[in-house]
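I opened this notebook to record what I looked up, entry by entry, in the structure shown below.

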Amino acid sequence: MLHPRRFSWFWPIGVLCVVYPALRAQSHGRQVTLSVQGPAPLRQLVNQMRAQFRWQINYEEPPWESDRDLTPAPGGARGNNGQPLFYPRGRPLTVRVDLPDQASDVAREVTARRQAIDSAFAQYRRSDNPPFFVVRHGGAYTTIVPSALVRADGRIQEYLPLMDTRVSLAPAKRSVGDTVMMVLAEVARLRSVNIVSGLIPVNAFYSSVDSEVFSEGNNEPARDILIRAFEDQNGARMRMMGLTVAYSWSLNYDRNAGSFFFNCHVHVDRVRPVVSTSPGQLP
Amino acid sequence: MTTLASTCFGRQFSRALLTAAVLLGSSSASMLFGQWSLQANPNPVFVADGSGLGTTTLFYSAPVGATIAIYADGYLFCAPSPPSGGCMTGKWVSDGMIFELRNVLTGAVVASTIVQVVATNLTCSAMDPPFYGELTGFQVTPSVLQFSVLGVTNATAVDFLVQQQDTPLSTATSQAATNLGGGRWSAGISTLSRPLGGYRVIARLTAANGQQSLCDRTGFFTVYNRPYIDPSYSCGSIAGQWKDDLSYPVPGTWTLTQAATSAFVPVPVSGTYKTPPVTTSAGLNCPEVTWIASGTMNTSSGLVTLSATNPSPASVPNCYKNTLQQSGYLRGVFCDQASGPFGILKDGVNVINGTFTMRRQGLTPVPPGESSLFVNWSTYNGRTTMGMFEGLLALPFGAPGGFSFAGRTVAEQDSPGVFDGCWGGWSAVNNVTELSGGIWYVSRLNRYGTDYIGLMPSAVGYYQAYRPLNGLPVNCTITVPQQMFISDMPGQSQSYGQVNTLTIRLSPSSVAVSRAFAAGEKPFGF
């Protein structure tokens, strides 16, 4: 324990940092209000929607460079590299999300969920936060990726999202975790960036009875290889125990560490009976 | 400030005594206090940044059962557990600071040491990169990592110490660096022959007069490797009610009990085999018949062998034979189906042969609860900050009333109440919001796993490095509730037992994990 007299300057910063990232959710019937404060508001908003609504939203950041996108840490703290700490800039954000009805019609539910995400993202775009992101929908997944990179000198430059990098992977039976790590390592090599493990669902990735899948990649986007491996495991788990396993990830960039952090979330649920889906209805 | 006037090992006394000890070439007073000891390493601490403040680690030993605390210049800074371990300071140790190991119950200082902080004119300003991308071991990433220390002045040589987690700095390997000019020294660090896990890279500067200093700005990397393949398990219990698909003259029902034994060799099985009353296609009215069932269940292979003999009533002509024998393997993740060859004997002569399938009737038994076992820390894939746990289903197979759940699957599912006290809005490591989605076979000993609990080394290192930089103590806790489910029918599962609480605790120098009442703790941090 540090003595407060000698280290008193820690405390105001400490209190600030506990309150700083505060995030509130208020429910109004089928409409939910999410409030975000602190760095990287879109990252926090996605985390909140993922945790509260169990939506499969992937979120990928650019390698923040510009002072317009970054803000110094409170108190002028410095990192181990001797440089001032910077975090992604964030203005307070309040977003209203219309929740789709459950268990009525799968296609309608998916469409409503996509509309809810699009609406939340549009509210984010109006909030004077880093603007260069784009939303893509595909199957059960929504992916939010950078649409451009603001360089350190302020220039806006075209940017290929990291997981759009085309990679190849020899066909083999391997764990989901090894598949992910091999794909990320290849992306890191091809794009000359560091990718570090953040939050990893180790049980689902490595130690579960259904962790082994057949995975391969043939010069295709890294994201597609991951999703295919995840869905193979999902199918196996449904057959085995009537459970679904729903993955989504965040690729957060920490400028202070000079690395992307790959965070993967997994939600396990019971299979929900499909009510009135007919062929051709699925989006 | 704490006063120690009532004890002969008071502050002024110990300072004089310890100063003498230092002058005699020892930084420890352990020899003065028997089995209690306290040592600082490094000591002296060389600092090159002009602050006059350094970091060190206090290594202690104390009798088991003692309640101890370590004080820095009279201020409590660490309350560790006996018998031995280490507490790492922050960058606040000044020259001549006295560290004391105290017996909390008596207040007595039982060991002390003085730390010297020596300022050098050697300076450095940064390590590049502070974090390195991990290695998967598939050789798709570089086998040599390039690290550089920046802003170096007054050094005639620089080497990089590569310190493996859980090991003291004195065992770190050294890699000479090359002067690239402009204060930048660089070295390539080979990763190929290194064990899995986390590493810290520390630049050591050497002056012309031989004086050395460690750079405060350090780097970090992790080596990951090896895929993990779980063994599969055989089903372990035939106990319950089963219906076969024979038609001689009609499918029958087996009601079986299995001896409670943990032996892997065939376990005795007993019970009844019953066929309901039926009118045959030839118009013959056959009554309900009950046989005595006996056999064995091999809990190692899943092979079940059953016989039905001594029918009652004893004989009804043209209705049934007098002995049924069948054997097959109990299979599937639900252990709800067995199939294999069967034979029907009349007066000892085999008259009909074929194959049978029998299926479990009704819900399969569910364990009343479970306990947890901490097995070890992970060594797979460099996940060395993850605790390996097993679940032990109640009642243990072999105990009175015990049942074998071998071969069935259990899964973890989220419950409300997840709390992540390590995360902050500044963190690139996401906050924990759910379990990690495990599903496992139950083994022959009614155990399942491995249930990995913890954060990856890179995430632990990140929090240990960046929480203090954001004005937060490293000490933090994550708790996640875990409800277990067991498979019973295809596509179905039932919850069982109480909700387990999973806990991850980080400190500057350690990682601790727990699952229900099982726990593990290890040094981690540099």
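**Entry 1**

I began with B:Thr57, whose bridge partner in strand 6 of chain B is B:Met88. I noted that strands here are DSSP runs of E with at least two residues, that helices are runs of H or I with at least four residues, and that both are numbered from the N terminus. The model is predicted, so I kept in mind that local features need pLDDT of at least 70, that side-chain atom pairs count only at pLDDT 80 or more, and that totals for chains, interfaces and linings use all residues. Residues are numbered from 1 along each chain as its sequence is written, chains are lettered from A and ligands numbered from 1 in the order in which they are written, and side-chain values use heavy atoms, with hydrogens and water left out.

I then followed strand 3 (residues 57-61) of chain B, which is joined to strand 6 of chain B by 5 bridges in the antiparallel sense; two strands count as paired if DSSP finds at least two bridges between them. These strands belong to an open antiparallel sheet of 3 strands in chain B, with the order 1-3-6. Strand 1 (37-41) and strand 6 (84-88) of chain B are at the edges with a single partner strand each, so one side of each has no neighbour in the sheet. From one strand to the next, the twist averages 20 degrees, with axes taken as lines fitted to C-alpha atoms and angles running from 0 to 180 degrees between N-to-C directions.

**Entry 1: a four-stranded sheet in chain B**

I next looked up an open sheet of 4 strands in chain B, which has the order 5-4-7-8 and antiparallel pairing. Its edges are strand 5 (75-78) and strand 8 (109-115) of chain B, each with a single partner strand, so one side of each is left without a neighbour in the sheet. The twist in this sheet averages 30 degrees from one strand to the next. I found 3 bridges in the antiparallel pairing of strand 4 (residues 68-72) and strand 5 of chain B, where B:Ile70 has B:Cys78 of strand 5 as its bridge partner.

**Entry 2: a hairpin in chain B**

I traced strand 27 (residues 337-346) and strand 28 (residues 349-360) of chain B, an antiparallel pair with 10 bridges, and saw that B:Leu345 stands opposite B:Asn350 of strand 28. The hairpin of these strands has 2 residues between them, and B:Asp347 takes a positive phi near 55 degrees.

How many residues of helix 2 of chain B are buried? I counted 11 of 13, so the helix is largely enclosed by the rest of the structure; buried means under 20% relative accessible area, exposed over 50% and partly exposed in between, with a 1.4 Å probe and protein chains only. Among the buried residues are B:Pro457, B:Tyr462 and B:Arg467. Just after this helix, B:Gly471 has a positive phi of about 75 degrees.

In chain A, 13 of the 16 residues of helix 4 are buried, so this helix too is largely enclosed by the rest of the structure. A:Ser192 follows helix 4 of chain A and has a positive phi, near 55 degrees.

**Entry 3: chain B as a whole**
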